[in-house]
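Welcome to this short briefing. Take a look at the sequence and the structure first, and then we can walk through some of the details together.

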Amino acid sequence: MRSADYDVWHLPVLVDAVIEYLSIKPGGLYVDLTAGGGGHSRAILEKLGKEGRLLAADRDPEALAVSSERLKGIETNAFFDVIEARFSDFPGWLDTGDIGDIDGLLADLGVSSHQLDTAERGFSYLLDGPLDMRMSPAQGKTAADLIADLRESDLVALLRLYGEEQYAYSIAKSIVKRRAEKPITTTGELVDIVSYAVPSHVRREGNPARLTFQALRMAVNREQEELSHLLQVLPDVMAPGGRVAIISFHSLEDRMVKQAMKRWESPCDCPRDFPVCVCKKKPLGRCLTGKPIVADAAECRGNRRARSAKLRVFEFGEVEV
Ligand SMILES: C[S@@+](CC[C@H](N)C(=O)[O-])C[C@H]1O[C@@H](n2cnc3c(N)ncnc32)[C@H](O)[C@@H]1O
């Protein structure tokens with residue numbers, strides 16, 4: 001692929017901010033857990049010297065093939081490797097010597113443009129294809145399996161939680177009615193069902209299936225559980241001074257990241273009315289981004305995905321009090 005083709009595959013968001021906040025040490029160990037099209041990985045690798053190392057992972061083998069090809073094209077003396085893995089496999093695949101040594105880690109959450117734009121992957125409400133939506137194509141239930149199996153009340157809950165879908169109840173009802181006639185197996189069928197389930201003014205405002213697709217994708221890929229696992233293990237794997245950068249695109253995920261960083265910053269769990277701390281839990285580091293970093297107007301104009309991106313960064317290590 002030519003350089004410009006990678007940007008069509010997936011245009012990475014907030015690259016300059018990520019690189020600035022990771023404050024890359026040329027000889028450090030860096031982990032990109034969402035390699036995607038390799039845009040952020042490439043920017044990290046370009047900052048590393050011959051002692052530096054980059055481990056780039058993704059759960060999607062197609063993404064890994066592309067990022068691997070891209071990284072091989074970069075002139076560098078640093079070591080890099082690509083690993084097919086989910087957040088929930090992390091840090092199992094690190095060498096035991098790497099644990100506690102990571103100087104910087106990036107997670108750029110959600111789906112890539114390529115995943116969205118490939119009809120056969122079934123992520124898009126704009127393209128007809130099999131109702132799949134799995135980021136790891138060989139693992140777990142598809143979106144078609146999920147809507148075939150879930151009880152109506154669970155479908156409503158899922159659409160509300162992950163999609164914040166106002167018409168969750170009537171959409172779930174329509175899905176249950178249609179699946180009793182025949183299995184729902186394509187993205188086009190689901191778009192039709194949602195379109196008939198919502199009021200006509202919603203259809204006029206844009207594609208009414210957007211939030212249903214977002215909710216199903218998050219459930220199929222267990223995105224909340226994956227992030228929760230990652231946030232739990234991070235404090236054990238980062239080096240003193242190591243920085244974690246997380247880009248989220250969904251308010252639920254941003255809240256999870258914000259709360260985890262708050263907990264890492266102030267882990268004391270003594271009752272509020274205790275005059276002094278008795279739990280003796282010390283801060284694990286400090287959050288470097290009070291408010292999340294967002295893309296500027298120019299980036300948002302050139303990349304629609306950037307509009308909802310929020311970057312939060314945490315630095316692990318002793319904090320002077
Ligand atoms: C927004 S894209 C990343 C784009 C990448 N930063 C770039 O520069 O091209 C998100 C990627 O993360 C991967 N991904 C999402 N959740 C994951 C998880 N729990 N474990 C591993 N990879 C995940 C997806 O397969 C997708 O390729």
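Two residues are in contact if their C-beta atoms, placed from the backbone, lie within 7 Å. With that in hand, please keep in mind that this is a predicted model. The domain assignment of the chain gives domain 1, made of 3-114 + 223-316, and domain 2, which covers 138-220. Between the C-alpha centres of domain 1 and domain 2 there are 31 Å.

**Helix H2 and its surroundings**

- Helix H2 spans residues 15-22, and Ala17, Val18, Tyr21 and Leu22 in this helix are buried.
- These buried residues fall within an arc of 125 degrees when seen down the axis of H2, so they line one face of the helix.
- An α-helix has 3.6 residues a turn, so residues three or four places apart point the same way.
- Just after H2 comes Ser23, with a positive phi of about 45 degrees.

**Where H7 meets H11**

- Two packed helices are described by the angle between their axes and the distance between the axes.
- For helix H7 (residues 152-163) and helix H11 (residues 210-220), the axes come within 8 Å and cross at roughly 95 degrees.
- Angles of 65 to 115 degrees count as roughly perpendicular, and H7 and H11 are therefore roughly perpendicular to each other.
- On the H7 side, Leu158, Leu159, Tyr162 and Gly163 take part, and they meet Leu211, Thr212, Gln214, Ala215, Met218 and Ala219 in H11.
- The residues of this contact of H7 with H11 comprise seven nonpolar, three polar and no charged.

**Backbone details in the loops**

- Phe90 and Pro91 are joined by a cis peptide bond, with omega about 10 degrees.
- Pro91 sits in the loop between strand E3 (79-84) and E4.
- Glu164 is not a glycine, yet has a positive phi of about 45 degrees.
- The loop between H7 and helix H8 (168-181) holds Glu164, and this residue is partly exposed, with 14 other C-beta atoms within 10 Å.
- Lys280 is not a glycine either, and has a positive phi of about 60 degrees.
- Where is Lys280 placed? Lys280 belongs to the loop between helix H13 (251-265) and strand E6 (285-287).
- Is Lys280 buried or exposed? Lys280 is exposed, with 8 other C-beta atoms within 10 Å.

Key. Residues are numbered from 1 along each chain as its sequence is written. This is a predicted model: local features need pLDDT of at least 70, side-chain atom pairs count only at pLDDT 80 or more; totals for chains, interfaces and linings use all residues. Domain bounds come from an automatic or database domain assignment. A residue is buried if 20 or more other C-beta atoms lie within 10 Å of its own, exposed if 12 or fewer, and partly exposed in between; C-beta atoms are placed from the backbone. Helices (H or I, at least four residues) and strands (E, at least two) are DSSP runs, numbered from the N terminus. The arc is that of the directions from the helix axis to the C-beta atoms. Axes are lines fitted to C-alpha atoms, for helices over the stretch in contact, and angles run from 0 to 180 degrees between N-to-C directions. Angles under 35 degrees count as roughly parallel, over 145 as roughly antiparallel, 65 to 115 as roughly perpendicular and the rest as oblique. Ala, Val, Leu, Ile, Met, Phe, Trp, Tyr, Cys and Pro count as nonpolar, Asp, Glu, Lys and Arg as charged, and the others, Gly among them, as polar.
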